Amino acid sequence: MKILLINTPRSPENRILEFAPEPAKRFIHKRLIGPPLGLLTIAAAVKDHDVLLFDTKGEFDLKPDHPSLADIVKRLVSDFRPDIVASTAITSELYYAFEIFTEAKKIDPEIVSVLGGLHPTLLPNDCFHPSVDVVCPGQSPHVFRDVVRTLEKKASLIAVPGILLNIGPGLMRTPGTAARWDAANADYLMPDREPLKPWIDTYKVGGSPFPSTYLFTSLGCPYKCTFCSIWPQFKGKYYQRSVESLVTELHSIPDYPVVRFADANTVVDLGFMNHLFDRILEEGIHKTFVMDIRADVASQHPAIIQKMAEGGLKVVICGFESYRDEELKKYNKSSPASDIAKAIKVFHDNGIMIRGNYVIPSDYTEDDFMALEEYSSGNPVVYAGYTILTPMPGTRFYKQVKNKIIDHDYHKYNFFNSVLKTTLPYEKFHERVGSLWLIKMGTDVI
């Protein structure tokens with residue numbers, strides 16, 4: 001079978017950037033940079049077939065005067081003539097997946113379109129669209145492989161358990177349950193990053209001259225923050241990869257001196273991380289590591305931060321979320337605000353640059369903004385990170401405020417646009433969030 005995997009473009013919707021003061025605009029996060037790890041995993045699951053992977057994010061970054069998404073899809077489908085076109089989607093990119101499939105079917109109506117990813121996992125029925133034939137929710141590379149094998153045999157997809165089929169009036173879930181898939185260990189699929197070579201120069205962040213890649217050490221999250229979609233995606237479970245599997249993968253990526261551990265929280269099991277960095281040092285692996293680490297972990301366990309810094313940890317993304325304990329309690333953050341200053345000191349003492357992320361509620365007043373400015377100025381970090389508290393579909397927060405949402409355009413669900421009514425005038429609210437991005441110590445953007 002000929003299989004075309006297309007990574008969706010990013011949503012350009014960014015009211016923070018649009019309304020921010022001019023001096024702040026260069027620091028505001030404009031795009032998430034990195035290769036499509038999910039599609040690489042899917043490609044590994046069907047490597048015995050003829051697979052073409054195309055990264056539109058990389059293509060758009062590489063060629064500012066790029067053709068439209070529709071024209072790109074038309075060219076790919078016309079040249080490659082796939083039997084199957086597949087993509088994955090987060091909420092803000094869901095409509096682009098629909099566009100990809102629509103354009104593919106204009107060229108060849110017999111193409112079977114398959115959609116997976118975060119949003120289809122949490123809200124599969126949102127994926128009912130004339131262009132979508134099959135929805136594969138969850139960690140499902142093995143299910144996608146079964147779909148491919150079934151189509152190859154020209155058999156009915158109803159025989160594939162655990163998927164949803166477009167039957168016209170809606171989506172129908174096939175009988176049965178998909179086989180258990182241990183994506184972190186026994187069934188882990190080592191991704192082949194070679195297909196991404198055309199876009200490798202676009203995978204550079206923070207002013208680094210070297211490309212970065214994603215690699216996950218774990219799946220899921222043991223914490224249950226109300227605004228987060230990671231733990232609902234994995235039903236609250238947490239899966240850790242093996243140390244030796246990670247060492248093997250790190251050895252296999254010499255073209256990527258920078259490695260972003262694509263985990264919800266990288267440091268959960270201290271014994272695991274100690275062992276991993278012992279092995280990294282023993283194996284002589286020299287990489288620059290970027291990780292997501294909680295403030296309470298750093299403040300309570302400075303020794304592991306020091307060890308990881310000695311092993312190559314240079315940048316940490318840390319979800320401060322708020323400096324107010326009452327807000328952290330609302331978010332079910334289970335980490336007191338007092339940990340923020342302690343964590344900043346631990347990271348800075350070890351030469352680690354921090355992107356400290358705060359989430360800004362839509363009901364913030366001018367007094368709230370002034371108080372946050374005062375706090376963050378007194379606790380500075382290298383990289384700014386101020387985004388809007390957004391009710392992402394499928395999260396606990398979404399359920400809490402669903403009836404208060406005033407903007408249902410999924411393009412805007414990327415943390416840079418308020419979809420709830422703001423207390424300040426709409427433009428002024430986004431301008432004030434934008435101005436916060438000037439509060440940082442560094443000059444680069446990650």
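# A walk around the model

Start by selecting helix 5 (residues 94–107): this helix lies across strand 1, strand 3 (84–88) and strand 4 (112–116), and runs at about 170° to strand 4. Helices here are DSSP runs of H or I with at least four residues, strands are runs of E with at least two, and both are numbered from the N terminus. Angles run from 0 to 180 degrees between N-to-C directions, with axes fitted as lines to C-alpha atoms, for helices over the stretch in contact.

Before you click on, know that this is a predicted model, where local features need pLDDT of at least 70, side-chain atom pairs count only at pLDDT 80 or more, and totals for chains, interfaces and linings use all residues. Residues are numbered from 1 along each chain as its sequence is written, and side-chain values use heavy atoms, leaving out hydrogens and water.

Touching, or contact, means heavy atoms within 4.5 Å.

Now show the sheet itself: an open one of 7 strands in the order 2-1-3-4-5-6-7, with mixed pairing. Two strands pair if DSSP finds at least two bridges between them. Strand 2 (50–55) and strand 7 stand at the edges with a single partner strand each, so one side of each has no neighbour in the sheet. From one strand to the next, the twist averages 20°.

Zoom in on strand 1 (residues 2–7) and strand 2: they run parallel and are joined by 6 bridges. Select Ile-3 and you'll find Val-51 of strand 2 opposite.

**The rings**

Time for aromatics. Rings of Phe, Tyr and Trp (its six-membered ring) pair if their centres lie within 6.5 Å; planes under 30 degrees apart are stacked, over 60 edge-to-face, and the rest tilted. That rule gives 16 aromatic pairs.

Select Tyr-188 and Phe-216, an edge-to-face pair at 5.5 Å centre to centre with 80° between the planes. Tyr-188 is in the loop between strand 7 (171–173) and strand 8 (212–215), while Phe-216 is in the loop between strand 8 and strand 9 (218–220), so the pair ties together parts 28 residues apart in sequence. Tyr-188 is buried at 16% relative accessible area, and Phe-216 is buried at 10%. (Buried means under 20% relative accessible area, exposed over 50%, partly exposed in between, using a 1.4 Å probe and protein chains only.)

Then try Tyr-323 and Tyr-375: their ring centres are 4.9 Å apart and their planes at 20°, so this pair is stacked. Tyr-323 sits in the loop between strand 13 (313–321) and helix 13 (325–330), and Tyr-375 in helix 15, 52 residues apart. Both Tyr-323 and Tyr-375 are buried.

Stay here and click Asp-368, also in helix 15 (residues 366–378). Leaving aside residues up to four places away in sequence, Asp-368 touches Tyr-323, Arg-324 and Asp-363.

**Last stop: cysteines**

How many disulfides are there? The count is 0, where a disulfide is a pair of cysteine sulfur atoms within 2.5 Å. Select Cys-136: the nearest cysteine sulfur, that of Cys-127, is 11 Å away. For Cys-225, the nearest is that of Cys-228, at 6.3 Å. Cys-136 is buried, at 4% relative accessible area, and Cys-225 is buried at 8%.
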